[in-house]
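Then we can walk through it together.

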Amino acid sequence: EKTARLLTADPDLKKAYEALHDEFAALDALLTARTKAGLTQAEIAKRMGIKPSSLARIESSLGDRKHSPSLSTLRKYASACGKRLVIKLA
């Protein structure tokens with residue numbers, strides 16, 4: 001509620017949020033999959049064969065667009081969570 005009011009009250013903030021909406025949705029999907037699988041970053045990293053710091057960078061990169069993960073990386077992440085990657089266009 002508070003976030004929704006803030007977004008509608010500040011047009012610049014609303015525009016910035018909408019520009020990053022897909023990154024936030026992707027990050028939410030990753031974190032939700034990891035949480036539902038009951039796994040930590042370290043456990044996902046081990047299953048992916050990468051360092052925990054690399055996994056932290058993958059998760060944080062979706063919010064800032066600096067280092068967007070590849071589809072291959074997203075597939076590995078999904079697999080490590082016991083899921084498969086599905087991409088939809090709306």
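Predicted model: local features only at pLDDT ≥ 70, side-chain atom pairs only at ≥ 80, totals over all residues.

Residues are numbered from 1 along each chain as its sequence is written, and side-chain values use heavy atoms, with hydrogens and water left out.

Start with the fold: the chain has 5 helices and 0 strands, where helices (H or I, at least four residues) and strands (E, at least two) are DSSP runs numbered from the N terminus. Along the sequence that reads α-α-α-α-α. Of the 90 residues, 24% count as buried; here buried means under 20% relative accessible area, exposed over 50%, and partly exposed in between, with a 1.4 Å probe and protein chains only. The chain exposes about 6700 Å², and carbon and sulfur atoms supply 56% of that (Shrake-Rupley areas with a 1.4 Å probe; for residues, only the protein chains shown count as cover). Among contacts (heavy atoms within 4.5 Å) with a separation of 6 or more, 48% come from residues 24 or more positions apart.

Now for the inside. In soluble globular proteins, nonpolar side chains tend to be buried together. The largest nonpolar core here has 14 residues, and Leu30, Ile44, Met48, Leu55, Tyr77 and Cys81 have the most contacts inside it. Such a core is a set of buried Ala, Val, Leu, Ile, Met, Phe, Trp, Tyr and Cys residues joined through side-chain atoms within 4.5 Å. Helices H2 (11–36), H3 (41–48), H4 (52–61) and H5 (71–80) each supply at least two residues of this core. To see how the pieces meet, pick Leu55: leaving aside residues up to four places away in sequence, Leu55 touches Gln41, Ile44, Ala45, Met48, Ile50 and Tyr77.

Which residues of H3 are buried? They are Ile44, Ala45 and Met48. Seen down the axis of H3, these fall within an arc of 100°, so they line one face of the helix (the arc is that of the directions from the helix axis to the C-beta atoms). On the other side of H3, Lys46 and Arg47 are exposed. Just after H3, Gly49 takes a positive phi of about 75°.

H5 can be read in a similar way. Its buried residues are Leu74, Tyr77, Ala78 and Ala80, and they cover an arc of only 160° around the axis, which puts them on the same side of H5. Just after H5, Gly82 has a positive phi of about 80°.

The largest pocket holds about 560 Å³ and is lined by 17 residues, with Ala26, Ala29, Leu85, Val86 and Ile87 nearest its centre. The elements giving two or more residues to that lining are H2 and H5, and H2 gives the most, with 6 residues. On a 1 Å grid over the protein atoms alone, a pocket is an open set of points where a 1.4 Å probe fits, with protein on both sides within 12 Å along at least five of seven lines; lining residues have an atom within 4 Å of a point. Grid points are joined across faces, edges and corners, and the volume is the space filled by probe spheres set on the points.

Finally, two pairs. Ser68 lies in the loop between H4 and H5 and counts as exposed at 54% relative accessibility. Its C-alpha atom is 9.1 Å from that of Glu23, 45 residues apart along the chain. Asp22, in helix H2, is partly exposed at 48%. Asp22 and Leu62 are 40 residues apart in sequence and 8.9 Å apart in space, C-alpha to C-alpha.
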